[in-house]
Amino acid sequence: MSPAHGRPEAGEIPRPLTLDWLNAAAPGPALAALDGLYEHSPWIAAAALQQRPFASLAQLKHALVGIVRTSGRDAQLALVRAHPELAGKAAVAGALTAESTHEQAAAGLNHCTPEEFAQVQRLNAAYGERFGWPFVMAVRGARGTGLHRRQIIATLERRLQGHPELELAECLRQIDRIAEIRLNDKFGITPVLGDQVWDWAERLAVHTDPGYGERGELTVTYLTEAHRACAAQLQAWMRDDCGFDEVRIDAVGNVVGVYHGGPIDDKQRPRRLLTGSHYDTVRNGGKYDGRLGILVPMACVRELHRAGRRLPFGLEVIGFAEEEGQRYKATFLGSGAVIGHFDPTWLDQQDADGVTMRAAMQAAGLPATLEAIAAEARDVARYLGFVEVHIEQGPVLNELDLPLGVVSSINGSLRYLGEVSGVASHAGTTPMNRRRDAATAVAELALYVEQRATAAPHLVGTVGMLEVPNGSINVVPGRCRFSLDIRSTTNEVRDAMAADVRDRLAEICERRGLAYRLEETVRAAAAPSDAAWQRRWEAAVAATGLPVHHLPSGAGHDAMKLHEVMPQAMLFVRGENAGISHNPLESTTADDIQLSVEAFMHLLGTLSHDTP
């Protein structure tokens, strides 16, 4: 240390870096320590260092991202163009920076076959011609260990079709991910818990229903062989890897793990915190929707068990067997059974192959009796509340460059199926002013839905299905079937839009001489987060060094069902690829998962102080 100002001099950069050193270092050594985070762009680190001291590595990462985001378009384009092409001329000539050389080698880009190399060159050229900058991708991937070159080529092909503005934003996000991984290297940091959850998710995704695995698709529906394999795997991890005290599969197929609160020899067990999510998937879905909310608290229990630590309350983690309603029309079956809201008529439902739910349960070794299912209903008085970690399933956190977000409310939803009837007539001989076109009426309604939902905050409306039965290119549509989905953070806002849409539909059909029908198929109440539990999530996010951002959930979650009987609150984790979900591109990073585990552990610690 310099005796004059107490700051480290140049040449004294520690390996690995520490935040204490970086916060205390003089500007020159501090900037030198962060050299190479961004390709040929030291100005980013120099600007971020003006915000010292940093309380956490996550806060430093967020500061760096903020500099890039506020730097202006010219600086952003210059940053993107400072990056080399993947397996390009600079790589062949050995002219890459040390960091880029290491990253491209980790992804095996220096071992491309002649055919792969030629394909990459063609794609690089096409990408550069279309966008005017090189393709940028964090080739070490979401786990940081390196993607396979086939994955890189597939991503390059996909992103080549993107919109220029969206692609520029994605390049900047990839640059931030590259810097994050490089910063981890400098600090000698590995997201161990995030890696563990990532690995669990990958191993769980091996199981998929017949007809999907052959196409490389993930589909796990209620009580199929793949579904039962997932349940068995979760059970084994809970019991053998994590140290849960009790592990079982309940009467509807939920996987239940309990880590008792201490002291464990008490006759009167303390109350429990309930958490979890679902392990079934939509067809051709992603690896994290639902499953992240099971695996994150599992990682927390594993850490508690390894440390020999007991909380003053129990922790019950449930992998809900069914939430998506894919095999049977029984959405929230798993969480519904837990709160005593299992519909007896579900047992007689048939799947596409004519197998009743009762028969499927019996084949899976479940009792398939209403008595056994009713016995799963929890005594609410024994629970402190319900919390759920979930991938966001949307673009908000991704666009804001925030790894975590606190959910303010789960949207209430209304769904309808409708049909407009007119007259099918010859497209050539029916004058425009004499047509009774059902499809254009629904199209007009869809545009109104878009306009009406856009006019209010936290309100969305979607016409997701449009079908002209027996439609023909030369026939004016006589019928048009459609769907309508309306969601909002409050039931009142949702219902007001529904009333307006019904009125507009009546007006459109009256004006056009058409008939219509509209059938309500789903009504789910909004589930605002409990204020006290929301504050605990806020404190947990703040403890990571990140700003606290609130957002509603437009998707339904098991937390909606638990909300009917106990307080609940949710934490969202950022999704990659513009936050896409219910899609094979659904992803998140080990670093973001690590932060969610740390936030959950903080919540448990805070609750330990609050619980008598």
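Modeller: In sorting lining residues by class, Ala, Val, Leu, Ile, Met, Phe, Trp, Tyr, Cys and Pro count as nonpolar, Asp, Glu, Lys and Arg as charged, and the others, Gly among them, as polar. The model is predicted, so local features need pLDDT of at least 70 and side-chain atom pairs pLDDT 80 or more, while totals for chains, interfaces and linings use all residues. Residues are numbered from 1 along each chain as its sequence is written, and side-chain values use heavy atoms, with hydrogens and water left out.

Colleague: What makes a space a pocket, and what is the volume of the largest pocket?

Modeller: On a 1 Å grid over the protein atoms alone, a pocket is an open set of points with protein on both sides within 12 Å along at least five of seven lines, whereas a cavity is a set where a 1.4 Å probe fits but cannot get out.

Colleague: What makes a residue part of the lining, and which residues lie nearest the centre of the largest pocket?

Modeller: A lining residue has an atom within 4 Å of a point. The largest pocket has 43 such residues, and nearest its centre lie Thr331, Arg415, Asp485, Arg487 and Val522. Two or more lining residues come from each of strands E7 (412-421), E9 (459-462), E12 (479-488) and E13 (515-524) and from helix H21 (558-562), where helices (H or I, at least four residues) and strands (E, at least two) are DSSP runs numbered from the N terminus. By class, this lining divides into 15 nonpolar, 18 polar and 10 charged residues.

Colleague: What lines the second largest pocket, and which helix supplies the largest share?

Modeller: The second largest pocket holds about 900 Å³ of space. Its lining has 37 residues, with Leu147, Gln151, Asn577, Pro584 and Ser587 closest to the centre. Helices H9 (149-159), H10 (164-187) and H11 (192-204) each give two or more residues, and H9, with five, gives the largest share. By class, the lining has 11 nonpolar, 15 polar and 11 charged residues.

Colleague: How many cavities of 30 Å³ or more are there, and what lines the largest cavity?

Modeller: The structure holds four cavities of that size. The largest has a volume of about 310 Å³, and of its 21 lining residues Val65, Asp176, Glu180, Asp401 and Arg574 are closest to the centre. Helix H4 (57-69) and H10 each supply at least two residues of this lining, which comprises eight nonpolar, three polar and 10 charged residues. In the second largest cavity, with about 100 Å³ of space, helix H7 (98-106) gives the most to the lining, three residues.

Colleague: How do you know that Cys230 is in no disulfide?

Modeller: A disulfide is a pair of cysteine sulfur atoms within 2.5 Å, and the structure holds zero of them. The cysteine sulfur nearest to that of Cys230 belongs to Cys242 and is 16 Å away. For Cys480, which is likewise in no disulfide, the nearest cysteine sulfur, that of Cys509, is 10 Å away.

Colleague: Why are Cys230 and Cys480 called buried?

Modeller: Buried means under 20% relative accessible area, exposed over 50% and partly exposed in between, with a 1.4 Å probe and protein chains only. Cys230 has 0% and Cys480 has 2%, so both count as buried.

How values were computed. Points joined across faces, edges and corners; volume = space filled by probe spheres on them.
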